[in-house]
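Good morning, colleagues. Please take a moment with the sequence and the structure before we discuss two of its regions.

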Amino acid sequence: MSQTQDPPGTVDAFATLDATTQADLVRSGQASAAELVEAAIVRIEAINPALNAVTHKLYDQARERAAGPALSGPFAGVPFLIKDLLSVAGAPNTMGCRAFANFIAAKSSPYALALEAAGLVTVGRTNTPEFGLIDTTEPKLFGPTHNPWDLVRSPGGSSGGAGAAVAAGMTPMAHASDGGGSIRHPACHNGVFGIKPSRGRNRNDGSPPMPFGLPDIAVNHVLTRSVRDSALMLSLTEDPDSQLGRLGFVRDPLSTPLRIGLVREGTSGKRAATEVDDAVLSTARLCESLGHHVELTAWPFSGPAVIEAFLDEWMVLAAGVVQATCTWTGCEADTDRFEAWTLALARRGAALLPDRIAGAVDQLMQASRALDGFFETYDVLLSPVVPHPPKLLGEHATDLAFELLFERVVANADYTPVFNAAGTPAMSIPLNRNANGLPLGSQFVARVGAEATLFGLAYQLEAARPWTDRWAPQSYPVLAR
């Protein structure tokens, strides 16, 4: 039996349209921003009780913006959701943490202002784990988000609320961010498209730089159903002063073949579950059928050493955010305000000696240089996104014994974090499913600044094996039929 609240008897006229098409309807006068927003609100109210993807509803503000002066921007009038990590003026900004349960942001980050300038109408905030520090979306503050492909499974994290919302048809795209896989994991688990841009590509999100010379690892972008929505959105939010040069709107598929290096083992040296490995091999064969050359290869660095260094950075990040929260709010670092996982990471990060952190910086820099060399031989790296299909909710619950949870999280992050440290663009494309119908994404990575290569390949794959009409069982287009 469905857990949704009485959706209408027929799918609304906008539910299956991507953001580009919805914007075209507004621009041509065939629909108004108010109509798009009202339809999205109906979808959220119908589907969210089962999924818990949207934690804050900003309906009044959205209606006021949609009914106001004519919106401008390529996505003018399109309803949108923003992850509860990004600062948006006048909106709740809890970051999934009980210490910030009642916090309202005073101003918007430069990245949020770029989203607004694109013409988007924000109808709500999406669920995220506390400070985005884990690979599932089950915060104590709001409870778990459920995967629309199977309600007992995780949508991934930390952009799990965004992934579930887009997969369920609440809005055609949603803001997401990625510090170790947090765009790619939810894209993989929810059967949507997600690309992590290069470091330095997008406008700043207001976060301070990492301490001790550690590389900035977190980037912002969106989760979408179509490749073109993602490509257009990136052109609208990129930093015009980026040292990477202007990317612009990548509109077309590739016209030349690529050299693709296929990596089957994770950084641990272990191969993914058979169904995941089979899926990435299927993707490799699809690429070959499109004229690309695929060659089996290996990581160009010591995987375990790189992951250990990345985890040191992750723990330093946790220590900094807990300390800053306590300073800002005057609270204590206890389990009444923070989750056990966050506190344990923070304690370990605070205890790391300067020499250990310097060693981590050096290790991550070596890995980045090694990847530079890799991309002299190959245009693109292909791998799984995660080693397993979506996990059951509770398997990564933040109150589990730390060592057990740490082992599970590290194992699940076997393919993605190194690209955050290196600053390379990486994407998850929903090309495959397992025997139970659960989505299995494939990860493609290119050299720093080469988003055009990834988008061009994504357009090819989208045409060869379409996914935009493939809807989850707990999605509005399916349940409202």
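Strands β10 and β11 form a hairpin with five residues between them, and Gly437 in the turn has a positive phi of about 85 degrees. This is a predicted model, in which local features need pLDDT of at least 70 and side-chain atom pairs count only at pLDDT 80 or more, while totals for chains, interfaces and linings use all residues. Residues are numbered from 1 along each chain as its sequence is written, and side-chain values use heavy atoms, with hydrogens and water left out.

Strands here are DSSP runs of E, at least two residues long, and helices are runs of H or I of at least four, both numbered from the N terminus. Strand β10 (residues 426–433) runs antiparallel to β11, joined by six bridges; strands count as paired if DSSP finds at least two bridges between them. Ser428 has Gln443 in β11 as its bridge partner. Strand β9 (residues 380–384) also pairs with β11 in the antiparallel sense, over five bridges, and Leu382 stands opposite Phe444.

Is β11 itself buried or exposed? Eight of the eight residues of β11 (residues 439–446) are buried, so the strand is largely enclosed by the rest of the structure. Buried means under 20% relative accessible area, exposed over 50% and partly exposed in between, with a 1.4 Å probe and protein chains only. In a regular strand, side chains alternate between the two faces of the sheet. Pro439, Gly441, Gln443 and Val445 point one way from β11, and Leu440, Ser442, Phe444 and Ala446 the other.

I turn finally to a helix pair. Tyr111, Ala114 and Leu115 in α4 meet Met233, Leu236 and Thr237 in α7, contact meaning heavy atoms within 4.5 Å.
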